[in-house]
Amino acid sequence: MVLPILKNIHRNFASPLFYLLFVYMAGLVVGLFWHPQALIIFMAISCSLVLGVIAMLKKRPGLSNGALYLGLFLVGVISLAHYLRPDFPSHHIYRWSQNRPLTVEGFLYRPAEYLPQKTRLYVRAQWIIVDRKKYPAAGNILLTIEDDEEKFLVYDRLIFSARLRKPHNFGNPGGFDYVRWLAFQDIYVTGYVSRQQSIIRLGLPERESWLRKIDAFRSTIRELIDSSTPPSTNSFLRGLLLGEQSAIPEEIKESFVRTGTAHVLAISGLNIGIVAAFFYFLFRRLLGFSEFLLLKTNVPKLAAGLSVIPVLFYTLIAGAGVSVQRAFIMTVAYIAALLVNRERDLYHATALAALVIIIIQPPALFGASFQLSFMSVLGIVFLAPKILSLLPQQDYLLQKLEPPWWRKAKHHLLIFMVVTFSAMLATGPLVAYYFSLFSFSGLVANLLIVPLAGFLIVVLGLIGVLLIPFSSFIAGFVFSLSGLLSDISIRIADFLANIPWTSFLIPTPSLTTVFLFYFIILVLFCWKFYGWPKKIILIAATLLVANYFYCLAPLKSPGLFITFIDVGQGDSALIRFPEGKTMLIDGGGFPNGDFDTGKNIVAPFLLGQGILRIDYLVLSHPHPDHFDGLIYLAKNFSIKEFWTNKDKIDDPHFLELEKILAQKKIVVRKLSGASPRLLIQKVNIDVLHPPPAYSGSGKGKDERRNNQSLVIKFAYGNSGVLFSGDIGIEAENMLLKSGKDLSADVLKIAHHGSSTSNSIPFIDSVGPLVAVCSVGFRNSFNLPHPDVIQRFRKKECAFYRTDLDGAITLYIDGKDLRVQCGRHKRPAGEF
């Protein structure tokens, strides 16, 4: 059974190109986890080359090919070392990044990114200025400035003062690896410049080059788009034409993600492929009017070759970023296949494009855009013809009775639907893995939005770009038409995204699950078209079911699980009760709301745990670092009850949260120290604070609100956990005077470890074995305060903090208490 299958695979992929691709990819995957010494790998590569040469001289092709593949595999292993284990020279900017103010001189080495209310600059450091002395420097800096009005060009020379930091990940299991993402861009240092701080553009640019001229032209396009289209659509049009996806508002991105059309926003192989196809048919039609060309040349090939020019133009206008370069290489590979009469051999063209891309950019293999792009192409090439062959054919006589234009229109519509479905089927498991999303509206949305965005908005926009040197007025008019079509696309996406039950979050599948889904898709089609035995379908289904129960097993473990999620300078904790109910206390939040902790941190963590329903959503008190992240969760998760104190705040984000709760008719319970004891699945819950009539005390509004925080005690068996919110010493004294039982094995430290909380009498009354502090890495408040840390250490209390230990998980079985840290740098503790 296995041998015929292997022969079938070998017959379809028995090309050296596929072997080279798979071997090099395997080396990259191994290199992601294994980081050997470079000298050892170079010696092994040299030995394999010598062995290959000897084998060739002795005419032993099998051995020489094996040596070649071994060498290529080792090259793949070492290719990522430059990014993941860089050997920084003594003057590299990384060695200066100690979170202290520095003055840096350098230049922009790639185009700036313009976001709402801020700008990202990619700076290559040249000098560090300390005490009026200049020291040479090297290396790249990702600099964020709190200003979106100042415009910059590539090779602008800058001098600025900022705190330089080494990037830091949130320490939650399965979270986004921000450090690696930056390292794959050769960036190891970040900085931030506020409006009050100075950033000065120096006189002459670092160099005058064609890249700078293109960037200047892009700036002209940007200004003309902004002046010709309303704010609601100009960011969308800039994203499609200039590759400035960061400028697109989050609500628009969310609509496109939910409808399965997010690929339209990124300049991917689809966008550039549409441009290539449009100009190919345009050139072919125009060239076809010439009898001379029809007689003397191959017009289709000439049209294909000429279509590279607008594709290259679009690539440069779009900023020639990494993803745009990949799309360009893919498109050129398919055009090259047409030129050498291999247009039907799309597998080889796809393999060649992939190999070229990962040789030039090895980290591309691990990016979602690379994987989704190539899986969609493979889906179209492999699945679409087979699906078309399964569709019933219309009777020939009935076809003849229909008008020719109608037959043609139906044929093209059918092909487009099948191609879209094939791409969605091929990318579905990866979309579930990266976005935890499933959309029923994807087929309809793609049928409406892809032609509108690809063939009309982008092509019309490029025509506007070409008209700029001749007439800004006419170009602006064309951009306004593109803006009108952009508004229609946004409205369609928003309408489809808001239809109930057309898209919903799903638990994040494991990589094993993703591979099994692809295996089942492959097996089903190969059984139907290549005669694979039915036993393989049964084996694949059995493996998928077994994997499902394996993933489900940890969720059924008895006991109380509490995880303090690393959300930076804020609070968020997940409580999983012994019989499966869930509670989330707070959702974190960033200053100015420019980073959604609910969407980017808490939701991925919950979905990674298989949680789609939060039975009890709790807000300790209405401060942004506690409630901002709850907005996304309340909107996108199933919520049974919302618990809070009676306090409110006149803040647009808080009002939005209240609006969502009302729209979804979620039960709101306002708790106080007088609320009766609650029992949830054998866990006793006591709300100890605030008193019913208490309106807070302290010097300012913030302090009064902190002192009104809910203080909740959970007791399971012999163990207790006390959540103290952000209460200060005044509220602690009220609790001490109340005579309530504050004793607990675990204390969630109040107010992120502030010295205005966590008094010695309060700590003595609680008597914790474990203290957990939810705090941001190198936060500007210098929390937790050293005095607070010392107070707990004097009590011989184990002190955990999310900034250093990552997510902190407690497991309580009623008798014993175990603590596990997300960063794995600290051993698990038992108490």
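## Cavities, cores and aromatic pairs

The structure holds four cavities of 30 Å³ or more. The model is predicted: local features need pLDDT of at least 70, side-chain atom pairs count only at pLDDT 80 or more, and totals for chains, interfaces and linings use all residues. Residues are numbered from 1 along each chain as its sequence is written, and side-chain values use heavy atoms, without hydrogens and water.

**View 1. The largest cavity.** Its space amounts to about 90 Å³. A cavity is a set of points, on a 1 Å grid over the protein atoms alone, where a 1.4 Å probe fits but cannot get out; lining residues have an atom within 4 Å of a point. Volume is the space filled by probe spheres set on the points, which are joined across faces, edges and corners. Of the 13 lining residues, Asp571, Ile585, Asp586, Phe723 and Lys748 are the closest to the centre. The lining has six nonpolar, four polar and three charged residues (nonpolar: Ala, Val, Leu, Ile, Met, Phe, Trp, Tyr, Cys and Pro; charged: Asp, Glu, Lys and Arg; polar: the others, Gly among them).

**View 2. The second largest cavity.** About 50 Å³ is its volume. The lining consists of Gly31, Trp34, His35, Pro36, Val77, Ile78, Leu80, Ala81 and Arg85. Six of these are nonpolar, two polar and one charged.

**View 3. The largest nonpolar core.** This core has 43 residues. A nonpolar core joins buried Ala, Val, Leu, Ile, Met, Phe, Trp, Tyr and Cys residues through side-chain atoms within 4.5 Å. Ile221, Phe236, Phe256, Ile449 and Phe479 have the most contacts inside the core. Helices that each supply at least two residues include H7 (210–228), H19 (442–467) and H20 (472–497) (helices are DSSP runs of H or I, at least four residues; strands are runs of E, at least two; both are numbered from the N terminus). H19 gives the largest share, nine residues.

**View 4. Two stacked aromatic pairs.** Among 31 aromatic pairs, Phe88 and Tyr94 stack at 4.4 Å centre to centre, with 20° between the planes. Ring centres of a pair lie within 6.5 Å; planes under 30 degrees apart count as stacked, over 60 as edge-to-face and the rest as tilted. Phe88 is buried at 12% relative accessible area; Tyr94 is partly exposed at 27% (buried is under 20%, exposed over 50%, partly exposed in between; 1.4 Å probe, protein chains only). Phe184 and Phe366 also stack, at 6.2 Å and 25°. They sit 182 residues apart. Phe184 is buried at 17%, and Phe366 is buried at 18%.

Notes
1 Å grid on protein atoms, 1.4 Å probe; cavity = no way out; pocket = protein on both sides within 12 Å on 5 of 7 lines; lining within 4 Å. Phe/Tyr/Trp six-rings, centres within 6.5 Å; stacked < 30°, edge-to-face > 60°.
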